[in-house]
Amino acid sequence: MEGRRWLRARLADAELPSRMDGAGNVYGTLRGTSDSGRTVLVGSHLDTVPCAGALDGGLGVLVGLECLRRIKESGQRTERTIELVAFSDEEGRFGGMFGSQAAVGSVTPETLEYYSDLEGCTLAEAMRRCGLDPLRALDATLDPNDIDAYLELHIEQGPVLDNLRKPVGIVENITGLFKWLIRIRGTANHAGTTPMSMRQDAFMGLADFAHEIPRILEENGSELSRATIGTAQILPGAPNTVPGLVELTIDVRDTSAEVLEDLGEAFHRALSAIARRRKLMFDYDVQSVIQPTACHPDIVSLVEDTASELGLDYHRMPSGAAHDAQIMAQLTRVGMIFVPSKDGQSHSPAEWTAWSDIEAGANLALHSLFKMAS
Ligand code: HGY
Ligand code: MN
Ligand code: MN
């Protein structure tokens, strides 16, 4: 909430009206000359992951802020209104893409009460703690007829631009994903008296499952497939107790919806086989499913032409990370600009982008945005 207050104060300093919707998304407005034209949105997300760097999400919001301020300072008017948007909970403390899902109208009262974080705090509780009325998130829906396009600048979070030594990337398509919270149940037992052959050791079930990931990706995935076990909890969690329960998350990605479908079935089959072999039980909650998405060709070519006009050495590429843009694609035409991530690192304090690349990306965003709104 402090970040939102800071952003709204910056918008006020620039005499740009701002508002916060029921999902905690912050908007800043630079009015166009035409009242009937559809609005062009620019932005990204305000939140990030634990032990993060400083650029994921925040850079796109600040570049959007600077674009609005610069156009306003220049005195040049655009026909269309341009709005900055800073989305809530993109990273998924409560499932993922909450703010942009609210903006496209796919949040339901169940979402608010069902989505919870790893500590069991529901989204509704967290919103109430911030003084928000959860149900007002249902009013955050944008009207597709009011929106002309959405542009997002984001760090690449991978090694491609850094290795190519190119300052900007133009995103063609964005990976899809599914995220499961899996529970593997065995029988807690004494570590000293229980023979190895008589154990129902939930942790060994997790170990077998993790070991199957390379085979499952080789047999069912593509070279863009990714699978990550990012969290695991061993319970009851005593050194001298055979684990009775393991809770883990798996995050699986690919740019093809069919491949994601195949991977989901393969992971389910692997869990069944391991459960049978080790006399375990398993179940899982599907925490998030986000479809792979193509950026709109009109926006991709507008950004590409602008990059050429600015003499920027750019690279057209896919995104291995998920972004609010792929949710906004359900509502309007979207485009994304990438800037390089040093050594491809992200979701880590080592996240870094050279200022010269940030300047190149921000100028590309500014000139593209000006064209989109004129
Ligand atoms: O997980 C992602 O791809 C994004 O950083 N939320
Ligand atoms: Mn992220
Ligand atoms: Mn991000």
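**Entry 1: serine 225**

I began with a polar contact of 2.7 Å that joins the side chains of serine 225 and aspartate 254. By polar contact I mean a pair of N or O atoms within 3.5 Å; within protein, one must be able to donate a hydrogen and the other to accept it, and residues adjacent in sequence count only if both atoms are side-chain atoms. The serine 225 side chain also reaches the backbone nitrogen of serine 222, at 2.7 Å. I placed serine 225 in the loop between α7 (202-220) and β9. Helices (H or I, at least four residues) and strands (E, at least two) are DSSP runs, numbered from the N terminus. Serine 225 has a relative accessible area of 7%, so I put it down as buried. My cut-offs: buried is under 20% relative accessible area, exposed is over 50%, and partly exposed is in between (1.4 Å probe, protein chains only).

**Ground rules**

I am working on a predicted model, where local features need pLDDT of at least 70 and side-chain atom pairs count only at pLDDT 80 or more, while totals for chains, interfaces and linings use all residues. Residues are numbered from 1 along each chain as its sequence is written, chains are lettered from A and ligands numbered from 1 in the order in which they are written, and side-chain values use heavy atoms, with hydrogens and water left out.

**Entry 2: the manganese ions**

Next I looked up the metal donors, which are N, O and S atoms within 2.8 Å of the metal (3.2 Å for Na, K and Ca); water is not among the atoms, so sites may look incomplete.

Distant parts of the chain are linked here: glutamate 91 is in the loop between β4 (82-87) and α3 (98-103), and histidine 347 is in the loop between β15 (333-339) and α11 (355-373), 256 residues apart. Glutamate 91 is at 18% relative accessibility, so I count it as buried. Histidine 347 comes out as partly exposed, because its relative accessibility is 39%.

For the manganese ion (ligand 3), the coordinating atoms come from His45 (NE2), Asp56 (OD) and His154 (NE2), at 2.1 to 2.2 Å. I noted the spacing as H-x10-D-x97-H. Again the chain is bridged over a distance: aspartate 56 sits in the loop between β3 (39-45) and α2 (58-74), histidine 154 in strand β5 (residues 147-155), 98 residues apart. I found both aspartate 56 and histidine 154 buried.

Which residue bridges the manganese ion (ligand 2) and the manganese ion (ligand 3)? Aspartate 56 does, and the ions lie 3.4 Å apart.

Most residues other than glycine have a negative phi, and most peptide bonds are trans. I went looking for exceptions.

Histidine 347 has a positive phi of about 55 degrees although it is not a glycine. Aspartate 343 also turned up with a positive phi, about 55 degrees, and is not a glycine either. Aspartate 343 lies in the loop between β15 and α11. I call aspartate 343 exposed because its relative accessible area is 53%.

The peptide bond from leucine 235 to proline 236 is cis, with omega near 5 degrees. I located proline 236 in the loop between β9 and β10 (241-242).

**Entry 3: cysteines**

How many disulfides does a search of the whole structure find? I got zero. A disulfide here is a pair of cysteine sulfur atoms within 2.5 Å. Cysteine 51 is in no disulfide, and its nearest cysteine sulfur, that of cysteine 121, is 19 Å away. At 64% relative accessibility, cysteine 51 goes down as exposed. Cysteine 67 counts as buried, at 2% relative accessibility.

Leucine 153 is in strand β5. Its relative accessible area is 4%, so I list leucine 153 as buried. Leucine 153 and leucine 59 are 94 residues apart in sequence but 7.5 Å apart in space, C-alpha to C-alpha.

Last, I checked isoleucine 234, which I found in strand β9 (residues 226-235). Isoleucine 234 is partly exposed because its relative accessible area is 40%.
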